[in-house]
Amino acid sequence: MGEKWLLMSEEKFDVIIVGGGLAGSAAAYTLAKAGLEVLVIERGNYCGAKNMTGGRLYGHSLEKMIPNFAETAPVERKIIKERVTMATGTGAMTIEYGSNKLKDPSCASYSVLRSKFDKWFAEQGEAQGAMYVTGIRVDKLLQKDGRVCGVLAAGDELYSDVVLLADGVNSILAQQIGMKKELSPHQVAVGVKEVIGLDEKTVSDRFGVLPGEGAAWLVAGDPTGGAVGGGFLYTDKESVSIGTVVTLSDIGSGGNIKVPDMVERFKSNPVIAPLIEGGKLLEYSAHLVPEAGYKMIPELVWNGVLIAGDAAGFVMNLGYTIRGMDLAIESGRLAAEAILKAKEKGDFSMNGLSAYLTLLENSFIMRDLRHYQNMPSLMSTPQLFNELPAVADALMRGLFVVDGKTPVKLIKTIVPAINKIGGFIEAGKLGIKAVGAM
Amino acid sequence: MGKMSLDNKLGLDRFNIDQHNPHITINDGYDNKEKINLLVMACPAGLYQYENGKLSFNHEGCLECGTCRVLSKGRVVKSWSYPVGGKGIEFTQG
């Protein structure tokens, strides 16, 4: 800061990007590569300092920008094993999937830790010529003649043709200028995570994977005490990322469990406990996750300003998988392309920047968000997190628990649990709703 | 793994605390028990405490998630902003 900071404030930039996360750096990289003067302002002391993910990055959108990025980027493990579990306090039913297709670079996914990964991505942007300042908070957007023309940060006014808001889920700046409404408790979930250190071989052995390979695991039911949400677990290189996610509007329902207690409950589940035994807690973190998908997208473009990444609500929670980082990267890149088009025409008005909307429409972002637009409502069906895990538990108990007594007909073992859903017809309806939403 | 207290967990995190400049302020006189208890339940860092009818809050240890802002702005939460640049939580894993 200091002298350099003052010196810079005399200039006008082509683009100021608020936030050095994945959307911000994807845009910075693309714009700097095309020769524009770009300034990224990050409030953390380094990019990634304020960011947290479950987390898995689907590689496809970054692969388009930096082919074979995983060979040099600090990814933790390539995810080759998928697990989905329905758990009660006493039992758990798991589906596991593995396929060579999951290893194919065109559709591979990787566990990542954001403090390392975002730092690397920012370095790629810097190498293209983007300027980054860290440890500076943007307090306000500057407006003149009905358009955004810069930012106020650490007491300095900085000017640019365009400002890109990549400032994360809370995006207070987008709210300040009325592009985004206050978040409502049913639109967001809070994720709480522990990174538990274990040595590399132990992680591989416990999850049955080769070095460099790993597993992703989502668990519904017991972790949240039946509240809408679940547990997650991702293998890192020398640690396990484990945590819980719960929709804010559902906190206090069901088992009335405190949010910080949910992760303890998850860790003590008999299926999970042996996998982290002997591990050492390295970090405890929390972050909001936008979950309402298509139905929470704010105004994305206005005069002199665009919004990308979590700030735009670009996240998909499908229950069996969660995606956000691949959407953040794609939206950052598309915002940059729209800015380049606007620059050609010399028109940074809402109209001049509207190519962003068309590019998003034609991308996987809007296509997938629209395709899965009913998932958030399905995912907020309480039965999925309460009664359904109980049905699965009862069914599996009927199959696998042998006590030497007369066997009970399988159908009878699940009747009490099915009755809790409201009978077989209601259970069937839930099944139809689920298939329909996919 | 044995259970760890929330204080011990937060003790492992890296913070650059801005002691005299709280980024979250609360309405001291607010007395809706239900709304207060919601934040006691919800805050991942356990920073909202309600004992003997008295609400207390400490911004040190805040993970900057925004949960209390979304649940209670204008009620328990009087103002909410991010800490000034470089202050607050600093994730080294993420």
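Modeller: What follows starts with the core and then moves out to the surrounding pieces.

A bit of bookkeeping: this is a predicted model, where local features need pLDDT of at least 70, side-chain atom pairs count only at pLDDT 80 or more, and totals for chains, interfaces and linings use all residues. Residues are numbered from 1 along each chain as its sequence is written, chains are lettered from A and ligands numbered from 1 in the order in which they are written, and side-chain values use heavy atoms, with hydrogens and water left out.

Now the core. A nonpolar core here is a set of buried Ala, Val, Leu, Ile, Met, Phe, Trp, Tyr and Cys residues joined through side-chain atoms within 4.5 Å. Buried means under 20% relative accessible area, exposed means over 50%, and partly exposed is in between (1.4 Å probe, protein chains only). The largest core has 92 residues, and those with the most contacts inside it are A:Ile17, A:Leu62, A:Phe69, A:Phe117, A:Phe314 and A:Tyr356. Helix α9 of chain A, residues 325–345, gives the most to this core, with ten residues. (Helices, H or I with at least four residues, and strands, E with at least two, are DSSP runs numbered from the N terminus.) Because domain 1 (2–74 + 113–182 + 294–362) and domain 3 (378–437) of chain A both give residues to this core, it lies between them. Those bounds come from an automatic or database domain assignment.

Zoom in on A:Phe117. Leaving aside neighbours within four places in sequence, A:Phe117 is in contact (heavy atoms within 4.5 Å) with A:Leu22, A:Leu57, A:Leu62, A:Phe69, A:Ala73, A:Pro74, A:Val75 and A:Val112. Follow A:Leu22 from there: A:Leu22 is found in helix α2 of chain A, residues 22–33, and is buried, with a relative accessible area of 3%. Apart from neighbours within four places in sequence, the contacts of A:Leu22 are A:Arg114, A:Phe117, A:Asp118, A:Phe121, A:Met325, A:Ala328 and A:Ile329. The C-alpha atoms of A:Leu22 and A:Ala166 are separated by 8.4 Å, though these residues are 144 residues apart along the chain.

Most residues other than glycine have a negative phi, and most peptide bonds are trans. Against that, a cis peptide bond joins A:Gly54 and A:Gly55, with omega about 0°; A:Gly55 is found in the loop between β2 (38–42) and β3 (56–58) of chain A. A:Asn68 has a positive phi of about 60° without being a glycine. A:Asn68 is found in the loop between α3 (60–65) and β4 (77–87) of chain A and is partly exposed, with a relative accessible area of 43%.

Next, domain 2 of chain A, residues 188–290. The C-alpha centres of domain 1 of chain A and domain 2 of chain A lie 29 Å apart, and the contact between them takes 18 residues from each. A:Glu194 stands opposite A:Tyr284 in β15(A). Strand β15 (residues 280–290) of chain A is mostly covered, with nine of its eleven residues buried. Helix α7 (residues 259–267) of chain A has seven of its nine residues buried, so it is largely enclosed by the rest of the structure. Among those buried residues are A:Val259, A:Met262, A:Val263 and A:Phe266.

A:Val263 brings us to another core: a second, separate one of 46 residues, which includes A:Leu248, A:Val263, B:Cys43 and B:Tyr82. B:Cys65 is in no disulfide, the nearest cysteine sulfur being that of B:Cys43, 6.4 Å away. B:Cys65 counts as buried at 9% relative accessibility.

How values were computed. A disulfide is a pair of cysteine sulfur atoms within 2.5 Å. Two strands pair if DSSP finds at least two bridges between them.
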